[in-house]
Amino acid sequence: MIRRIDHVSIAVRDQARARAFSSMSWEGKTSSKPRCPGRSTAGPPSSWELSCFIELIDPLEKDSFVQKFLDHRGEGPHHITIQVDDLQKVHRKLEENGIPTFGLAEPFPGWKEMYIHPKNAFGTLIQFAEFRPLDWINPGYIPPSYAEFAPAEEVGAKDGEIEVQRVQGEKGAEVEIRQGGQKIRVPLSRLGTSSRR
């Protein structure tokens with residue numbers, strides 16, 4: 001039912017300044033694809049992939065929910081988003097346990113959500129969302145935290161350290177090249193003479 005914490009969203013006044021700070025503070029891969037397209041009350045967020053994503057959101061309009069948050073509480077954690085498999089099922093379970101929710105909706109195709117108000121969750125706004133994670137990242141890269149949602153042939157780091165070693169295969173010597181979870185073996189006989197040394 002509960003899959004994972006997808007992201008922690010932090011409200012900021014100055015997106016460029018916050019991005020610079022984040023780039024210097026942690027080494028997660030950045031992603032700038034908006035998670036909530038069509039919402040005009042917040043500018044496009046910046047995200048850093050760690051074990052989950054850290055997302056920076058800033059106000060686009062003076063009366064936006066982000067601006068209201070900043071005016072009332074200042075910069076800081078805005079909400080935690082928990083990915084779920086079945087939002088209706090989670091909604092029913094929370095109701096059965098007397099935990100009030102609000103905002104149950106599908107604001108755009110492929111994204112269903114609801115919230116627990118901070119007054120009912122120890123001062124933290126909790127968002128539950130049902131979605132397909134790979135729809136919300138820039139194409140061409142599968143974050144390790146999203147590997148379980150990708151077809152098997154697409155899983156593996158697209159960047160990172162490449163390891164090359166000589167190994168013994170069933171038909172003789174081979175060169176094995178590894179990157180992340182991917183590997184390929186090439187018979188040494190197919191490589192140039194400089195590789196045989």
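## Close-up views of a predicted model

View 1. The structure shown is a predicted model, in which local features need pLDDT of at least 70 and side-chain atom pairs count only at pLDDT 80 or more, while totals for chains, interfaces and linings use all residues. Residues are numbered from 1 along each chain as its sequence is written, and side-chain values use heavy atoms, with hydrogens and water left out. Lys 112 forms a salt bridge with Glu 130, and the closest N and O atoms of the two are 3.9 Å apart; the term stands for a side-chain nitrogen of Lys or Arg within 4 Å of a carboxyl oxygen of Asp or Glu. This pair links distant parts of the chain, since Lys 112 belongs to strand β7 (residues 111-116) and Glu 130 to strand β8 (residues 125-131), 18 residues apart. Helices (H or I, at least four residues) and strands (E, at least two) are DSSP runs, numbered from the N terminus.

View 2. In the whole structure, a search finds five salt bridges. One of them joins Asp 85 to Arg 3, with 2.7 Å between the closest N and O atoms. Here too the pair links distant parts of the chain, 82 residues apart, with Asp 85 in the loop between β5 (76-84) and α3 (87-96) and Arg 3 in strand β1. Asp 85 is partly exposed at 39% relative accessibility, and Arg 3 is partly exposed with a relative accessible area of 35%. Arg 4 forms a salt bridge with Asp 6, where the closest N and O atoms are 2.9 Å apart, and both Arg 4 and Asp 6 are buried.

View 3. Strand β4 (residues 53-57) is largely enclosed by the rest of the structure, because five of its five residues are buried. Phe 53, Glu 55 and Ile 57 point one way from β4, whereas Ile 54 and Leu 56 point the other way. In a regular strand the side chains alternate between the two faces of the sheet. Strand β1 (residues 2-11) runs parallel to β4 and is joined to it by five bridges, and two strands pair if DSSP finds at least two bridges between them. Within β4, Phe 53 is the bridge partner of His 7. Ile 54, also in β4, counts as buried at 16% relative accessibility, and its C-alpha atom is separated by 7.4 Å from that of Ile 10, 44 residues apart along the chain.

**View 4. Aromatic rings.** The whole structure holds five aromatic pairs, where rings of Phe, Tyr and Trp (its six-membered ring) pair if their centres lie within 6.5 Å, and planes under 30 degrees apart count as stacked, over 60 as edge-to-face and the rest as tilted. Trp 111 and Phe 131 form a stacked pair, 4.7 Å centre to centre with 25° between the planes. Trp 111 lies in strand β7 and Phe 131 in strand β8, 20 residues apart; Trp 111 is buried at 0% relative accessibility, and Phe 131 is buried at 7%. The rings of Tyr 146 and Phe 149 have centres 6.1 Å apart and planes at 85°, so this pair is edge-to-face. Together with Phe 53, Tyr 146 and Phe 149 form one aromatic cluster.

Key. Buried means under 20% relative accessible area, exposed over 50%, partly exposed in between (1.4 Å probe, protein chains only).
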